[in-house]
Amino acid sequence: MFLRNYIEKVRAEAKMSDSLQSNNGYPLVSIVTPSFNQGKYIEATINSVLGQDYPNIEYLVFDGGSTDNTVEILRKYERKLTWVSEKDRGQSDAVNKGFKAARGEILGWLNSDDTYEPGAIRAAVEFFIKHPGVKMVYGKGAHIYENGEFMEWYPTEPFELQRLSETCFICQPAVFLKASIFDEIDMLDVGLHYCMDYDLWIRIAKKFKVEYLPLHLANTRLYQDTKTLSKRVEAHAEIIETVKRHFSIVPRNWIYAYGHYVLDRLLTRDTKAKYIAHVGLLALMVFYYNYRVNRVLPGSADLKEWVGRFFKHVRSKGL
């Protein structure tokens, strides 16, 4: 109901003024934040958007019916953003609602525990203006601790589609999109729960021009409750299915990572024998899943690589 009413309001306003798309030459940028019970972090997220030096921002928060203090915080800022709190079908559904309601020419997606760096939105807009053929740009991102302190750089790389099949080098909050891409492709796949962003980047890159802006644009918070850390087995299983669907062949590093996290969940490695058994089982599991997913048996080069990995792991533990 909110989404329909909001879109109708936007259309009515658009008939009266063209200023929705441009403010003294600055294209409107719509930032969407999906949220659910993230009251501990969302105020920092909000302030990182409202503190941007770019003059034409629409900020939309779609909350999934939080029961913590999230709504109280949203009310505090409701004169500076548009928000709704209602039950949804998860993160992807919330982002899609935001993208559908957005009026901007350029879109950003910032989760409720992540933050923008100062000047991020202006830098992205200026890049789009200088490169009108680009439909998606992504910048450098950093992992930050729960308290917001710097942890490490996200492993971003210049764009190359085949390389994207091997690793997701695109930091999600550091991405900005042209809204027009959704005239030609679908939004987030609500059937995906872990790699919906990775799937979207691949689908965009197959059809549109994507570029890398080597500036620090955003930060993604890592802590034990995040899906990235708490659901690694499930996330990597979904990644393997996604990569298989898009590229037909799944690179071995994804299979290796999946096998590693499966065994981590099943085994402990508090003794030398257990650790060696873990690594040996990992090699067998990788061979098995490589055949199951890609329908190929390991060749001599594969065997050499995995034997090398085995001894490297053993040596790294001083065993």
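Helices (H or I, at least four residues) and strands (E, at least two) are DSSP runs, numbered here from the N terminus, and two strands count as paired if DSSP finds at least two bridges between them. This is a predicted model, in which local features need pLDDT of at least 70 and side-chain atom pairs count only at pLDDT 80 or more, while totals for chains, interfaces and linings use all residues. Residues are numbered from 1 along each chain as its sequence is written, and side-chain values use heavy atoms, with hydrogens and water left out.

Strand E8 (residues 134-144) pairs with strand E9 (residues 150-153) in the antiparallel sense, over 3 bridges. The two strands form a hairpin with 5 residues between them, and Gly148 in the turn has a positive phi of about 95°. Ile144 stands opposite Phe150 in E9.

Next come the aromatic rings. Rings of Phe, Tyr and Trp (its six-membered ring) pair if their centres lie within 6.5 Å; planes under 30 degrees apart are called stacked, over 60 edge-to-face, and the rest tilted. By this rule there are 10 aromatic pairs. One of them, Tyr138 with Phe169, is tilted, at 6.1 Å centre to centre and 45° between the planes. Tyr138 lies in strand E8 and Phe169 in the loop between helix H6 (161-166) and strand E10 (175-178), so the pair ties together parts that are 31 residues apart in sequence. Both Tyr138 and Phe169 are buried (under 20% relative accessible area, with exposed over 50% and partly exposed in between; 1.4 Å probe, protein chains only). Ring pairs link Tyr138, Phe159, Phe169 and Tyr212 into a cluster.
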